Amino acid sequence: MKKSAITTINDYIAKGLEERTADNPQACSSSFLSAWRELLTAAPAAYTDYNSLVADYNSDGDAYDWYAWVWDVCEELELASRTSPDCIEERLQFIESFQTRFPDTEDEDLQEFLLRNLIKSYFLLGKQAEGEQAVAKFYQQFPYSVWGYIEWGDALLNRAEKPSSETLEIVLSIYKKGLTLDDEEDYMDILKRRIKKLRR
């Protein structure tokens, strides 16, 4: 990867971080996505594991960590979507492009995070079939995690300002699927609180 491209990527990320400090998630997201497009263009084709790319081109400590930045992209698009719903589609496109470009990324924390956000994005956009496929893929990789069901249920609740009684019943049944899993106690408690809130 050329040094000029690395500089451009880091400059876009730095600009995005400035916008985040200024509490401007939409501008931050725009800068982050510009950095991502530059990275997709500049990354050598031989790199299909994102962690390897980071290790070779972003390990000198002089720039923001590209690995942690993937979390930031999704989180800023989440914030921006509260006032600009188009950002949900942009988050979906970001995740899909990541998975296509770096299919051999084995980092489990990153994979779980991206799949969770993929589930959420599909269901928020009303893409039922794609969402269910993403849930199935999630549980093939992370059979113990309650977060697939949490993201699915949360997305259905957040799709409408006032969910119907039918939607509430569907969400409750989704949440209940997680009760049989063997996840960390803190995460199980998060799920149980959601179920308790719905039952009120």
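**View 1. Arg101 lies over the face of Phe102.** In this predicted model, the distance from Arg101 to the ring centre of Phe102 is 4.7 Å. Phe102 also belongs to a cluster linked by ring pairs, together with Phe32, Trp36, Tyr50, Trp69, Phe94 and Phe98.

**View 2. Phe123 and Trp152 form a stacked aromatic pair.** The count of aromatic pairs in the model comes to 17. For Phe123 and Trp152, the rings are 5.2 Å apart centre to centre, with 15° between the planes. Phe123 is part of helix H6 and Trp152 of helix H8, so the pair ties together parts 29 residues apart in sequence. Phe123 and Trp152 are both buried.

**View 3. Trp147 and Tyr187 form an edge-to-face aromatic pair.** The centres are 5.6 Å apart and the angle between the planes is 75°. Because Trp147 lies in helix H8 and Tyr187 in helix H10 (residues 185-199), this pair ties together parts 40 residues apart in sequence. Trp147 counts as buried, at 13% relative accessibility, whereas Tyr187 is partly exposed, at 31%. The charged end of Arg116 sits over the ring of Trp147, 4.0 Å from its centre.

**View 4. The largest pocket has a volume of about 270 Å³.** It is lined by 15 residues, of which Glu78, Lys120, Leu124, Asp154 and Asn158 are the closest to its centre. Helices H5 (86-101), H6 (108-124) and H8 (147-158) each give two or more residues to the lining. The most come from H8, which gives five. By residue class, the lining holds nine charged, four nonpolar and two polar residues.

Notes
Residues numbered from 1 in each chain as written. Predicted model: local features only at pLDDT ≥ 70, side-chain atom pairs only at ≥ 80, totals over all residues. Heavy atoms only, no water. 1 Å grid on protein atoms, 1.4 Å probe; cavity = no way out; pocket = protein on both sides within 12 Å on 5 of 7 lines; lining within 4 Å. Points joined across faces, edges and corners; volume = space filled by probe spheres on them. Helix = DSSP H or I, 4+ residues; strand = E, 2+ residues; numbered from the N terminus. Nonpolar A, V, L, I, M, F, W, Y, C, P; charged D, E, K, R; others polar. Phe/Tyr/Trp six-rings, centres within 6.5 Å; stacked < 30°, edge-to-face > 60°. Buried < 20%, exposed > 50% of the residue type's maximum accessible area, 1.4 Å probe, protein only. Lys NZ or Arg CZ within 6 Å of the ring centre and 35° of its normal.
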